[in-house]
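Have a look at the model first, then read on.

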6 protein chains.
Amino acid sequence: MSAMVVTNCPRAERAVVDGLAACGVATVHEAQGRRGLLQSFMRPIYPGAQIAGTAVTVSLPPADNWMIHVAVEQCREGDVVVIAPTSPGDQGFFGELLAQSMIARKVRGLVIEAGTRDTAELTRLRFPVWSRAISAQGTVKETLGAVNLPIVCAGAAVAPGDVIVADDDGVCVVRRAEAADVLAAARAREEKEAGVRARLQAGELGLDVYGMRERLADKGLVYVEHGSLKPEG
Amino acid sequence: MSAMVVTNCPRAERAVVDGLAACGVATVHEAQGRRGLLQSFMRPIYPGAQIAGTAVTVSLPPADNWMIHVAVEQCREGDVVVIAPTSPGDQGFFGELLAQSMIARKVRGLVIEAGTRDTAELTRLRFPVWSRAISAQGTVKETLGAVNLPIVCAGAAVAPGDVIVADDDGVCVVRRAEAADVLAAARAREEKEAGVRARLQAGELGLDVYGMRERLADKGLVYVEHGSLKPEG
Amino acid sequence: MSAMVVTNCPRAERAVVDGLAACGVATVHEAQGRRGLLQSFMRPIYPGAQIAGTAVTVSLPPADNWMIHVAVEQCREGDVVVIAPTSPGDQGFFGELLAQSMIARKVRGLVIEAGTRDTAELTRLRFPVWSRAISAQGTVKETLGAVNLPIVCAGAAVAPGDVIVADDDGVCVVRRAEAADVLAAARAREEKEAGVRARLQAGELGLDVYGMRERLADKGLVYVEHGSLKPEG
Amino acid sequence: MSAMVVTNCPRAERAVVDGLAACGVATVHEAQGRRGLLQSFMRPIYPGAQIAGTAVTVSLPPADNWMIHVAVEQCREGDVVVIAPTSPGDQGFFGELLAQSMIARKVRGLVIEAGTRDTAELTRLRFPVWSRAISAQGTVKETLGAVNLPIVCAGAAVAPGDVIVADDDGVCVVRRAEAADVLAAARAREEKEAGVRARLQAGELGLDVYGMRERLADKGLVYVEHGSLKPEG
Amino acid sequence: MSAMVVTNCPRAERAVVDGLAACGVATVHEAQGRRGLLQSFMRPIYPGAQIAGTAVTVSLPPADNWMIHVAVEQCREGDVVVIAPTSPGDQGFFGELLAQSMIARKVRGLVIEAGTRDTAELTRLRFPVWSRAISAQGTVKETLGAVNLPIVCAGAAVAPGDVIVADDDGVCVVRRAEAADVLAAARAREEKEAGVRARLQAGELGLDVYGMRERLADKGLVYVEHGSLKPEG
Amino acid sequence: MSAMVVTNCPRAERAVVDGLAACGVATVHEAQGRRGLLQSFMRPIYPGAQIAGTAVTVSLPPADNWMIHVAVEQCREGDVVVIAPTSPGDQGFFGELLAQSMIARKVRGLVIEAGTRDTAELTRLRFPVWSRAISAQGTVKETLGAVNLPIVCAGAAVAPGDVIVADDDGVCVVRRAEAADVLAAARAREEKEAGVRARLQAGELGLDVYGMRERLADKGLVYVEHGSLKPEG
């Protein structure tokens, strides 16, 4: 593995990032054509956090968190740290002291395809973490890795400076170059959904709101009254 | 798969359903002879919900939620929608807009052997969902399925009109024809437990309350003082 | 399996146990050289509990909870009951009535490599349980097991009288004979961390606080400005 | 649970069953409209077996195999025993002695949503078993269950007398009343596939054999020469 | 963790070990009262191996296989190496070169609660390995561990010199001090089973061979002719 | 998702690919610095295959295999098809007819992060497949995807034309531009290992061959005679 730190990576624009945060993961994921979702085993350590930030990426050896300390120095306000070990493991790579350091640099949260610990303290600090596991098992500081090279985290490719959106539904990555377009599409989607929502709340059926009845009939959907069904022989 | 919707299925009686809701899953499951429990990977998206309702069943192709829109029209006050895809998958088949539509029809909750999304909004709406996964990954609307045919959901057979009981312990199904008897048995069990509870809270031992000592001795249980044990060679 | 109950096992000292509770799992686990952690699938049924207590161990046949009733009689104030079936299973071996009985004896919580049920009631009672699963599926009372023999629970060896520490990060066991030493080491660790925490909160980097820069350079870590990277051919 | 044995259940016709065996699981599953497949965690203990038989169903308490002994008496030549415990477990419910007894009754194999053991001996005997796990952990004989009532096994509903088809791809159930129709559909499918196979082996493309090119173009598929792609900014 | 190697540990007697190998895992596990079975995720890398040997135990840091090299020196003819990392991981800790070294010392096989690699070569060498995973991912040689201290491997406590029995059904440990008694019990069991086997092969039913009919009737088992069942309303 | 097929992608050189095939996954993975390994849940459908080929990549919607038919046309002699759905699923996307078509084009094998079926036929044809699951569950042909865009498969980034190496240990990807260098490094590694192998087979210890004794002592490794250990109080 390259033992390399890339400095001064360009980030997606702050206003775009904040707009994506407000839309949430499900909307953003739809708006960009259903790409970029991390696998569903990535869960938040407490419910209710909804963030977006620019990725600082970390590639780590198994059971070794040394490079997270290196990565902190590369963090700026509005970043989200994204970590993937080169081999799967559920050790607690991350805890409260590293969070204190990230909070001091105005990092917005952490995404790690591995374990985290000190979850009660992280919850009190409201520093959100999306992880594959919670484990008190610590790690060592023996072997180098890379900061701000492209990585694969929980099945999704993440490049430094990309936008990470995360909430109770999971985590999604948006390419830096596409972030503004995705935000526009996400907002358009929200607007359209607002109209649908009002009609559904008023009791209209999706079958009518979305005009589905004809296509269902074309595909051959049949309605049968319960009383007219014969019992199986 | 039959592309069929069965209409006007008979439901279990409302008063019985509400009685079962009050008893909760563990008691109902015991009262009906330990049948009908869905597998334990079915978890609520937020803690504290405790419901019962009459099943509207939905069988779906993988990664396709079209039939949920069809199913909404078949829902009545007091129903619970129960969904199983014909092949396992963790996509987010269900979200906030569908929930708005179900709330408008006074549906009590959803049980799905797949994924759900918009979980923060569903929590704010207090629309409870028991699912196998949480995922922002959406689905398509391409292929038909069936509404209100018997299905297997998370290992349990569910027929339309059956009673679904769900709380923090999981999900249980009660056959429509047996619901009144199961409720009677569940209440009898609760009454008996109330007496036991008072004695245990007062410090009596289960060994005495349940009269277990003799049978334990018959089976050969031996008590040995710690000090009299020899260390292993 | 021996059908045996060992009585009057010596326990770790109360003051030491309470000191370990205050330190929490991650710190205690580090302080004793990263030994004794139960596997990370052991999760609390509600967030926020942080306890320590002296182990009463229970070895059970699969799907049979009879011996828990036997174990209650052996419990004293300050104990934690630790249960492992002889074959894996996710049934709900434990519920609210057994909890009432343990609360009456001032037991502090339960650790079980299997399932528990009545989780809503247990949460209301604030009786914490760490388990592998939540399931309403009940168990039988047919076959004997052992109380207060050494067991393996979720991958860790536990002897009666050992200290069990448990919080949102998981569960850790400390040998009775080592508990005082581990407490001293844990407190030393906390003191040292307090100084580090203050410096990190003030914005100092871990790279400087821990003096890592030289060793990183020795291992060959390279810093590269983003603009100077060539794109991949 | 009903402690009941249903005797003299009607079976699907032998010639139909044997015809389905020759078609194999994937073809039969397609031919009946993609219904009836057991979940993919059901795996054969050795490769190469391909069977079909008529179901004798067994519902068992967790970790208790007593009812398998009861079920053997109900078996006839050409049957397959299908077993599901009422709560999940990976114990070895089945082994070589039970297999000897089933072989003596000309049973063709076993399907069990749990564990099996003595797999080396079963392989030598060529008695095929599809199971969720392999485990030497034994079971008890304490509690009754049911033989030849409808069950759910690995997510599929199975009734006594239904046809079970099993091979290296997994296990599929065919309703007794539909077996002849499904066989006809499966054979038609095989015939059609034979023609396709010959053309594909000769080097024709599926795009042409199935006539897909127009529909792909209609949906918007675009072909781009590699050299004309711009690198990502 | 103690960085310690214990030398010259006493081993179980060779003749007893070889006797246990011939009995196999399922029989040995039953014969010692169903204790000592490793969890069922421990699988052989090729089918058909059946061994027993005396344990050389290795406790390792995560993703670090240095101590296996240390352990080889402690191995004698007839040993089986048993390895557990202090934190779960599926890396390939073991491969062909280490196997060559163990073969040179007449080690009989390896049991590892982690990953192995070079499985094609290990199969050609007929050096059997039971592992949790197969993975080409390598490990480092940075941190010490322990050889021949008691460990927990896949849920079972193993002490140096204990007997490890392993075959296609899994892995079982027998305490050194109990090995001769367990062998006697296993052989008695085999003898008894031989008589039962002959009767079952001849077509007698287990219900009669084991005399189960009366106890089943006492428990309330009912036989119902299929034709006399009413269909469900 | 882009509905796009990229044609005429450059491939790694055939001689290099064949050289990597001969080295195998574990050696290649080490030789390129432990990068590029797919996750260990990717398993071959039969043991003993060892291949390398140039990647044709396919990104698919969930439960839809239409694009595999499109991909076949892009295949040339020496390719390996690499498939990842945009959402996880274990359906059988691939079977014998598609294999016939690939064999006709001299494709060497298939890697798919999903399910495959017709595994008995594929084994007879000796067409090797590495997959996450085996399942007879079919897929539809409704929605477009992409061929020969970069994908993430089982956690590894794969670009068209990269080298895929696969054997019983799993699957590894080598960047096209690095393939010749990796082959050189792999062969150097094999040569070095040949010398070590001979010494280990002759009975020398790795401790001496690798010269580890001094570093172990420096790190504090202690040897203790078994007889001199005190039993735990």
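Let's start with one pair across a chain boundary: Arg213(C) and Glu73(A) make a salt bridge, with their closest N and O atoms 2.9 Å apart. A salt bridge here is a side-chain nitrogen of Lys or Arg within 4 Å of a carboxyl oxygen of Asp or Glu. The model is predicted, so local features need pLDDT of at least 70 and side-chain atom pairs count only at pLDDT 80 or more, while totals for chains, interfaces and linings use all residues. Residues are numbered from 1 along each chain as its sequence is written, chains are lettered from A and ligands numbered from 1 in the order in which they are written, and side-chain values use heavy atoms, with hydrogens and water left out.

**Where chain A meets chain C**

- The rule finds four salt bridges across the interface of chain A and chain C.
- Strand S1 (4-7), helix H3 (66-74), helix H4 (96-104) and helix H5 (119-125) of chain A each bring at least two residues to the side that touches chain C; helices (H or I, at least four residues) and strands (E, at least two) are DSSP runs, numbered from the N terminus.
- H3(A) gives the most to that side, with seven residues.
- Sorted by class, the side of chain A that touches chain C has 17 nonpolar, twelve polar and eight charged residues. Ala, Val, Leu, Ile, Met, Phe, Trp, Tyr, Cys and Pro count as nonpolar, Asp, Glu, Lys and Arg as charged, and the others, Gly among them, as polar.
- In total, 37 residues of chain A are in contact (heavy atoms within 4.5 Å) with 35 residues of chain C.
- Chain A and chain C bury about 3200 Å² between them, 57% of it on carbon and sulfur atoms. Buried area is the accessible area (1.4 Å probe) that two parts lose on being put together, summed over both.
- There are 17 residue pairs in polar contact between chain A and chain C, both residues at pLDDT 80 or more. A polar contact is a pair of N or O atoms within 3.5 Å; within protein, one must be able to donate a hydrogen and the other to accept it, and residues adjacent in sequence count only if both atoms are side-chain atoms.

**Strands across the boundary**

- S1(A) runs parallel to strand S13 (residues 222-225) of chain C, and four bridges join them; two strands pair if DSSP finds at least two bridges between them.
- Thr7(A) has Glu225(C) as its bridge partner in S13(C).

**Where chain E meets chain A**

- Nine residues from chain E and nine residues from chain A make this contact.
- Chain E and chain A bury about 740 Å² between them, 40% of it on carbon and sulfur atoms.
- The salt bridge count between chain E and chain A is zero, and two residue pairs are in polar contact, both residues at pLDDT 80 or more.
- The side of chain E that touches chain A divides into three nonpolar, five polar and one charged residue.

**How the copies are related**

- A rotation of 120 degrees, with 0.0 Å of shift along its axis, superposes chain A on chain C with an RMSD of 0.0 Å. The two copies are thus related as by a three-fold rotation axis.
- Superposition is by least squares on the C-alpha atoms of residues with pLDDT of at least 70 in both copies.
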